[in-house]
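Please look at how the chains of this assembly pack against one another. The report below takes the interfaces in turn, then turns to a single residue.

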There are 4 protein chains.
Amino acid sequence: MTVYETALGASTPDTITLLGQDLARDVMGNVGFGELAFWLATQRRPSPGETRVFEAVLAALADHGFTPTAIVTRLTYLSAPDSVQGALAAGLLGGGSRFLGVTEDASRFLSSVVRSAELPADDDGWDALALETLRARGKARIPGLGHHVHKNGDPRTPRLFQIAEEEGLLGPHLSLFAAIGRVHPRVLGKTLPLNGAGTCGAALADLGLPLELLRGFALLARTAGLIGQLAEELRNPVANDIFLSVDTNTRSIAPAEE
Amino acid sequence: MTVYETALGASTPDTITLLGQDLARDVMGNVGFGELAFWLATQRRPSPGETRVFEAVLAALADHGFTPTAIVTRLTYLSAPDSVQGALAAGLLGGGSRFLGVTEDASRFLSSVVRSAELPADDDGWDALALETLRARGKARIPGLGHHVHKNGDPRTPRLFQIAEEEGLLGPHLSLFAAIGRVHPRVLGKTLPLNGAGTCGAALADLGLPLELLRGFALLARTAGLIGQLAEELRNPVANDIFLSVDTNTRSIAPAEE
Amino acid sequence: MTVYETALGASTPDTITLLGQDLARDVMGNVGFGELAFWLATQRRPSPGETRVFEAVLAALADHGFTPTAIVTRLTYLSAPDSVQGALAAGLLGGGSRFLGVTEDASRFLSSVVRSAELPADDDGWDALALETLRARGKARIPGLGHHVHKNGDPRTPRLFQIAEEEGLLGPHLSLFAAIGRVHPRVLGKTLPLNGAGTCGAALADLGLPLELLRGFALLARTAGLIGQLAEELRNPVANDIFLSVDTNTRSIAPAEE
Amino acid sequence: MTVYETALGASTPDTITLLGQDLARDVMGNVGFGELAFWLATQRRPSPGETRVFEAVLAALADHGFTPTAIVTRLTYLSAPDSVQGALAAGLLGGGSRFLGVTEDASRFLSSVVRSAELPADDDGWDALALETLRARGKARIPGLGHHVHKNGDPRTPRLFQIAEEEGLLGPHLSLFAAIGRVHPRVLGKTLPLNGAGTCGAALADLGLPLELLRGFALLARTAGLIGQLAEELRNPVANDIFLSVDTNTRSIAPAEE
């Protein structure tokens with residue numbers, strides 16, 4: 001008989017445990033939600049500093065206004081108001097390679113360098129490693145570099161570096177990313193900002209979170225944002241106007257293959 | 001030209017705001033994730049006490065082990081490991097009337113009484129209101145009463161009442177629910193526990209969160225739980241064993257209508 | 001040991017069966033896709049006439065242009081082009097009570113009458129039953145009556161009645177619906193068209209398909225439509241324009257609770 | 001003002017068109033559902049032979065019994081019976097790289113050869129091209145070769161070749177795939193069957209369907225299968241037994257990082 005093991009939730013008639021803790025006594029009322037999400041993903045309780053960096057990343061990714069995912073959640077709720085779970089799920093399904101690609105790609109790129117190099121001891125060392133990395137990369141795009149709106153700098157980037165530094169959690173991924181920010185003009189011949197999405201990826205990697213699930217944390221943040229979108233839709237509906245703005249500007253054309 | 005208004009995320013080349021705050025300066029590093037989720041849903045910053053009650057509810061709902069939603073997320077990841085968003089969305093789609101019904105039904109039931117009655121000043125008054133309510137309800141099931149495993153009491157229930165009381169947030173929904181716990185044996189002729197899911201519904205209603213979206217908060221909690229399930233699946237895979245346990249015990253039968 | 005029985009797909013090293021048939025020899029090349037979908041849902045092979053009515057309903061529901069579900073699928077593909085399954089699933093999640101409500105509500109309404117009445121032998125009898133039903137219903141909306149665009153008649157309605165009649169499949173649900181179309185002006189004091197969605201619901205009910213899954217057939221039809229939407233998006237993309245039309249007309253406002 | 005063009009569904013107060021046809025008069029009652037799905041995806045009406053091959057592929061992929069996707073749909077319906085769309089969407093979300101990889105990979109692999117080679121005139125020529133292709137590929141797995149159950153041959157494979165040949169639609173992708181079936185023992189030193197999933201991919205490519213959406217056709221077929229699974233679940237429920245078989249064999253273990 002197969003036995004399925006889990007260290008997550010479990011219950012008996014008299015007790016409920018989560019991650020080996022007594023849920024009611026030790027978790028409820030004592031563990032914040034960001035802290036718990038980190039703990040669930042790593043099975044290790046984060047320090048207060050790790051929680052602060054993690055929650056700063058979640059805040060950075062929670063909501064960016066009328067993105068495609070927000071529009072999708074609102075339109076799905078318009079069509080199927082009986083299913084809040086469907087509206088949230090539909091929005092999350094937009095969390096793929098384009099929307100979340102930068103965060104993932106940046107962390108994978110940085111991680112591939114960090115894992116195979118000897119880690120430098122100071123900024124000059126990081127700059128040398130960054131230069132070598134960028135030169136070896138040739139003309140390939142550098143994930144996390146550049147932003148189509150925040151051309152002079154993404155406000156989230158210096159803030160996240162600051163928080164990580166305050167908490168003593170500025171690890172190798174953020175260090176390498178910062179060095180790339182310093183040296184890339186010498187390789188590319190132009191200066192681009194380090195964007196917030198890439199910085200979030202570097203910060204999550206420095207926290208030791210599993211790279212395969214980085215996308216999951218962005219989706220967790222976005223779930224909170226999409227609930228905010230639905231709450232605002234209830235208060236001040238716009239989904240039908242969005243639909244009508246498409247519907248009234250539609251033109252019927254002949255099929256492609258005729 | 002239609003204009004779409006939002007108080008959520010917005011950005012200009014130099015700034016990013018969220019809920020009217022400067023995201024980088026005022027939110028990142030200063031606002032916890034549970035606090036932010038509450039704020040996004042209500043557009044009102046919660047007090048520390050409200051945040052604590054809210055996060056206790058989220059902890060209570062985050063993960064219950066190998067529930068259908070957890071199994072669904074693991075099996076979907078097995079079939080489509082390229083899409084973390086699909087695995088999470090699939091799990092959330094189980095967050096409907098049966099799985100989350102108690103939380104929603106309890107809060108709607110309590111809210112319907114609270115809105116239409118004059119609120120009592122003391123426990124005797126609440127008991128009288130509870131008695132009257134249960135008698136008027138006749139034989140209909142009372143949402144939030146009873147639990148198939150925790151027959152002698154759900155450990156989450158007293159803990160959530162305690163936390164709400166500590167924070168001065170034991171409002172009318174929790175008060176009425178507690179009174180139902182006290183008086184129902186006189187009406188039903190047997191004693192049932194107040195379950196944790198119903199208590200969570202009462203607590204969320206007392207926090208003033210929109211009833212239409214209560215399901216959303218359970219889904220937010222569950223998103224963190226499902227990420228934990230995926231992380232555990234990566235470390236210690238069981239989805240294929242679950243699949244095989246079904247597959248190897250399958251019997252092919254004749255169609256129903258032959 | 002639990003055994004899981006199914007009459008659907010099964011295989012051994014040398015054979016594959018589906019619905020008790022040899023899949024390769026008897027189904028592939030011999031059974032059309034609409035016919036197979038009907039067979040899978042009922043475990044009964046439909047007659048050619050039943051298949052024709054069923055496929056006419058699927059055609060009626062497959063695509064209605066830039067509906068919310070079509071917009072959702074296109075926007076999700078824009079955000080996550082790596083996941084065709086996510087884009088289709090997101091679109092289907094809009095298939096809820098508002099979008100598909102008329103089809104379901106009409107079939108349930110008609111079915112509730114048909115099951116409890118003695119079935120009339122001729123049109124006069126149906127008219128009498130329809131009159132009695134509408135009068136008993138009072139001011140409640142009659143599902144399937146009225147259309148916001150096709151005010152003078154929905155072109156799908158007479159066609160579906162014609163096809164059902166040609167195939168000898170004009171059963172009690174369609175008969176009652178037709179009678180409602182004839183007599184309602186006497187009760188309501190105005191004339192409304194029988195809409196296509198309601199007629200589809202009546203036709204599916206006459207085919208004996210399970211009412212709990214009527215929504216599923218509309219979703220099956222829509223899956224084909226959404227693949228068409230994605231194919232057109234690949235050829236002639238509009239999702240980014242839809243996104244930009246919202247994004248560029250956004251106004252940031254103060255939070256509601258400030 | 002942006003204008004959104006579509007050749008799919010459109011309506012005026014008096015007409016409804018689909019793909020440039022009068023929906024009621026020309027499509028309903030005249031166009032089968034498989035034929036319509038092909039037409040929607042290509043904007044070209046398929047010939048009867050193309051429809052037959054296409055529907056044979058859909059039949060081959062519609063249902064394989066208690067696969068992960070079928071289990072997911074049943075478990076989601078168990079948790080959220082209010083949302084048929086959620087149960088179907090959850091099942092479809094398993095339609096990713098592992099589950100549908102062979103069909104996609106085979107068609108992409110074959111297509112990459114077919115596009116860049118001069119097409120042979122006879123079987124000897126195809127064999128030579130296949131040999132050259134396999135030798136150049138070295139030790140990389142050949143998509144579509146081998147099956148873990150049907151080790152002596154997948155019954156769907158010869159049947160699909162036969163149908164394509166009967167309809168004069170045995171094009172370059174199927175021809176190359178057949179040649180790979182003949183020559184691979186000379187390269188690999190062992191004989192493996194051409195599996196049905198790979199043959200379906202080759203057949204869909206020969207029909208000229210867009211490779212980016214091949215996954216979509218498998219999902220369309222599976223939508224019909226999942227409706228069958230739900231119908232059977234309504235008649236003969238097993239989802240709760242599957243859940244209990246996991247739940248009762250769960251063991252709580254210590255967290256990984258303690």
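In this predicted model, chain B superposes on chain D by a rotation of 180° with 0.0 Å of shift along its axis, at an RMSD of 0.0 Å. The two copies are therefore related as by a two-fold rotation axis. Of the residues of chain B, B:Ala90 comes closest to that axis, with its C-alpha at 2.2 Å.

**Chain B against chain D**

The contact draws 31 residues from chain B and 31 residues from chain D. Of the interface residues of chain B, 100% are also interface residues in chain D, so the copies meet through the same surface. Together the two chains bury about 2700 Å², with 68% of it on carbon and sulfur atoms.

How many salt bridges cross the interface of chain B and chain D? There are 2. In one salt bridge, the side chain of D:Asp82 meets that of B:Arg215, at 3.6 Å from N to O.

Four helices of chain B each supply at least two residues to the side that touches chain D: H4 (68-79), H5 (84-92), H11 (214-235) and H12 (239-247). H4(B) gives the most, with 7 residues. By type, this side of chain B divides into 17 nonpolar, 9 polar and 5 charged residues.

**Chain B against chain A**

Here, too, a rotation of 180° with 0.0 Å of shift along its axis superposes the copies, chain B on chain A, with an RMSD of 0.0 Å. In chain B, the C-alpha nearest this axis belongs to B:Ala89, 2.3 Å away. Of the interface residues of chain B, 99% are also interface residues in chain A, so these copies meet through the same surface.

In this interface, 88 residues of chain B touch 87 residues of chain A. The buried area is about 6800 Å², and carbon and sulfur atoms give 68% of it. Which residues of chain B lose the most area to chain A? They are B:Tyr4, B:Met28 and B:Phe33, together 11% of what that side buries.

The rule finds 0 salt bridges between chain B and chain A. Polar contacts come to 25 residue pairs, both residues at pLDDT 80 or more. H11(B) gives the most to the side of chain B that touches chain A, with 17 residues. That side divides into 44 nonpolar, 28 polar and 16 charged residues.

The table sets out the area values for the two interfaces.

| Interface | Buried area and share on carbon and sulfur atoms |
|---|---|
| Chain B and chain D | about 2700 Å², 68% |
| Chain B and chain A | about 6800 Å², 68% |

**A residue in contact with other chains**

A:Thr42 sits in helix H2 (residues 33-42) of chain A. Is A:Thr42 buried or exposed? At 7% relative accessibility, A:Thr42 counts as buried, the cut-off being under 20%.

The side chain of A:Thr42 has two backbone oxygens to note. A polar atom of this side chain lies 2.9 Å from the backbone oxygen of A:Phe38. The side chain of A:Thr42 also reaches the backbone oxygen of A:Arg44, at 3.0 Å.

What does A:Thr42 contact, leaving aside its neighbours within four places in sequence? The partners are A:Leu209, B:Arg235 and D:Glu257. A:Thr42 thus has contacts in chain A, chain B and chain D.

Conventions. Residues are numbered from 1 along each chain as its sequence is written. Chains are lettered from A and ligands numbered from 1 in the order in which they are written. This is a predicted model: local features need pLDDT of at least 70, side-chain atom pairs count only at pLDDT 80 or more; totals for chains, interfaces and linings use all residues. Side-chain values use heavy atoms; hydrogens and water are left out. Contact means heavy atoms within 4.5 Å. Buried area is the accessible area (1.4 Å probe) that two parts lose on being put together, summed over both. A salt bridge is a side-chain nitrogen of Lys or Arg within 4 Å of a carboxyl oxygen of Asp or Glu. Ala, Val, Leu, Ile, Met, Phe, Trp, Tyr, Cys and Pro count as nonpolar, Asp, Glu, Lys and Arg as charged, and the others, Gly among them, as polar. Copies are superposed by least squares on the C-alpha atoms of residues with pLDDT of at least 70 in both. A polar contact is a pair of N or O atoms within 3.5 Å; within protein, one must be able to donate a hydrogen and the other to accept it, and residues adjacent in sequence count only if both atoms are side-chain atoms. Buried means under 20% relative accessible area, exposed over 50%, partly exposed in between (1.4 Å probe, protein chains only).
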